[in-house]
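Here is a short report on one protein chain. Look over the sequence and the structure first, then read on.

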Amino acid sequence: MLVRISAADERALAELHARYASVVFDFVLARTPDRGVAEEVSADVWLGCWRSARAFRHDSRVLTWLLGIAKRQVYAHTRRKRLAQVPLDESEYAIPADDSDPADLMASAEEARALLAALSALPADLSEAVRLAWVHELPYEDIAELVGVPRGTIKSRVSRARRLLREELKRNDD
């Protein structure tokens, strides 16, 4: 599809946008202060896709490439000011009721609030790895490429985040 986009095929861009726009927007919204900024940055992502489709090397998934553009666009829009992190929307996420994996989300609003608080307390690098793995369902290889660290580092971050979340959630239950 990117080959068609690089040949100025607007329909191909529309197809790609239809497939990934919501994921790109959610990714940007989690890193920007408000919806208006997220909409502006997301539009720039699609403009960047249009302009640089020829640069796609086919050594990663298209979504990973798009999220890389998104990450750079967020940085470009925010490099002069430090932005507060936006918490996850509690209606979409919940925590496990027992010692099961925190990635196996449940639908309780009270448990969701506890998980959101625990996620907010994680260091930024762990939170980013977990959100990309659990929310955006990217494979570790893609996250490693996007973040710019080795795959093993991503595995360690997710593992450490899982352990810290379990510990925090156990403390809240006691």
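## Terms and model

E39, for example, is partly exposed, with a relative accessible area of 45%.

This is a predicted model, in which local features need pLDDT of at least 70, side-chain atom pairs count only at pLDDT 80 or more, and totals for chains, interfaces and linings use all residues. Residues are numbered from 1 along each chain as its sequence is written, and side-chain values use heavy atoms, with hydrogens and water left out.

## Overall layout

The chain has eight helices and zero strands. Helices (H or I, at least four residues) and strands (E, at least two) are DSSP runs, numbered from the N terminus. Along the sequence the pattern reads α-α-α-α-α-α-α-α.

The chain has 174 residues, and 42% of them count as buried. Take the contacts between residues at least 6 apart in sequence: 61% of these join residues at least 24 apart. Contact here means heavy atoms within 4.5 Å.

## Helix α2 against helix α4

Two packed helices are described by the angle between their axes and the distance between the axes. Axes are lines fitted to C-alpha atoms, for helices over the stretch in contact, and angles run from 0 to 180 degrees between N-to-C directions. For α2 and α4 the angle is about 45° and the axes are 10 Å apart. The two helices are therefore oblique to each other. Angles under 35 degrees count as roughly parallel, over 145 as roughly antiparallel, 65 to 115 as roughly perpendicular, and the rest as oblique.

The crossing of α2 past α4 is right-handed. A crossing is right-handed if the near helix is turned clockwise from the far one by less than a right angle, and left-handed if anticlockwise. From α2, the contact uses L16, Y20, V23, V24, F27 and V28; from α4, it uses V62, L63, L66, L67, A70, K71 and V74. By class, that gives twelve nonpolar, no polar and one charged residues. Ala, Val, Leu, Ile, Met, Phe, Trp, Tyr, Cys and Pro count as nonpolar, Asp, Glu, Lys and Arg as charged, and the others, Gly among them, as polar.

## Helix α4 against helix α7

Helix α4 (residues 62-78) also meets helix α7 (residues 140-147): their axes come within 9 Å and cross at roughly 30°. That makes α4 roughly parallel to α7. This crossing, too, is right-handed. T64, L67, G68 and K71 of α4 make the contact with D142, E145, L146 and V147 of α7. The classes are three nonpolar, two polar and three charged residues.

Which residues of α7 are buried? They are D142, I143, A144, L146 and V147. G148 follows α7 and has a positive phi, near 85°.

## Salt bridges

A salt bridge is a side-chain nitrogen of Lys or Arg within 4 Å of a carboxyl oxygen of Asp or Glu. By this rule there are eight salt bridges. One of them pairs the side chains of R4 and E15, at 3.3 Å from N to O. R4 lies in helix α1 (residues 2-6) and E15 in helix α2 (residues 10-29), so the pair ties together parts that are eleven residues apart in sequence. R4 is partly exposed, at 34% relative accessible area. E15 is partly exposed as well, at 37%.

E39 pairs with R35, and their closest N and O atoms are 3.7 Å apart. Both sit in helix α3 (residues 35-52), four residues apart, and are separated by about one helical turn. R35 is exposed, with a relative accessible area of 52%. R151 and E141 form another salt bridge, at 2.5 Å from N to O. This pair links distant parts of the chain: R151 is in helix α8 (residues 151-173), E141 is in helix α7, and they are ten residues apart. R151 is partly exposed at 38%, and E141 is partly exposed at 42%. Salt bridges that share partners also join R4, D9 and E15 into one network.

## A positive phi in a loop

Most residues other than glycine have a negative phi. A8 is not glycine, yet its phi is positive, near 65°. A8 lies in the loop between α1 and α2.

Methods: Buried means under 20% relative accessible area, exposed over 50%, partly exposed in between (1.4 Å probe, protein chains only).
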